[in-house]
Amino acid sequence: MPDLPPPDPAPPIPAVEFSKPVRLLEAIADPVRYEALKDLASGAFYTPSDLAQRLRVGVDNMAKHLRVLRASGAVQLVFPPNGDRRCQYYQIPQRFRQTTDTGRPVIDYGVCVLRF
């Protein structure tokens, strides 16, 4: 049997607790929202249009998915410097984003950990 590399060490769990963890898990469980989180895991911020194009879904559909993620606490609205203040940009809050020693992005919500 071949030797497998050791798994990445689990990052420390943040002190953030969700009042409705099932709501967060339901939001993450959707395939489109999961893929959006994967794109946002690096710390980038995107508009619904940006993510819709990247994931090949309709803009209105992507906007709805982002609203669900925001309502669950998984993402937040941000206003980047020199950004168009008329656009809504979404980002995963810094307190949830981590990177492993091997450079893999990790989202640690405390109630669940997503490794990409």
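What follows is a short chat about those labels.

Modeller: First, this is a predicted model, where local features need pLDDT of at least 70, side-chain atom pairs count only at pLDDT 80 or more, and totals for chains, interfaces and linings use all residues. Residues are numbered from 1 along each chain as its sequence is written, and side-chain values use heavy atoms, leaving out hydrogens and water.

Colleague: Why does Cys-112 count as buried?

Modeller: Buried means under 20% relative accessible area, exposed over 50%, and partly exposed in between (1.4 Å probe, protein chains only). Cys-112 has 16% relative accessibility, so it counts as buried.

Colleague: And what makes Cys-87 partly exposed?

Modeller: Its relative accessibility is 28%, so Cys-87 lands in the partly exposed class.

Colleague: How many disulfides does a search of the whole structure find?

Modeller: The search comes back with 0, a disulfide being a pair of cysteine sulfur atoms within 2.5 Å.

Colleague: Which residues of helix α3 are buried?

Modeller: In α3 (residues 48–55), those are Pro-48, Leu-51 and Ala-52. They cover an arc of only 105° around the axis, so they sit on the same side of α3; the arc is that of the directions from the helix axis to the C-beta atoms. Helices here are DSSP runs (H or I, at least four residues), and strands too (E, at least two), numbered from the N terminus.

Colleague: What do the buried residues of α3 pack against?

Modeller: α2 (31–40), α4 (59–72) and β2 (89–91), with contact meaning heavy atoms within 4.5 Å.

Colleague: How do you know that β3 and β4 pair?

Modeller: Two strands pair if DSSP finds at least two bridges between them. β3 and β4 (residues 105–108) have 3, in the antiparallel sense.
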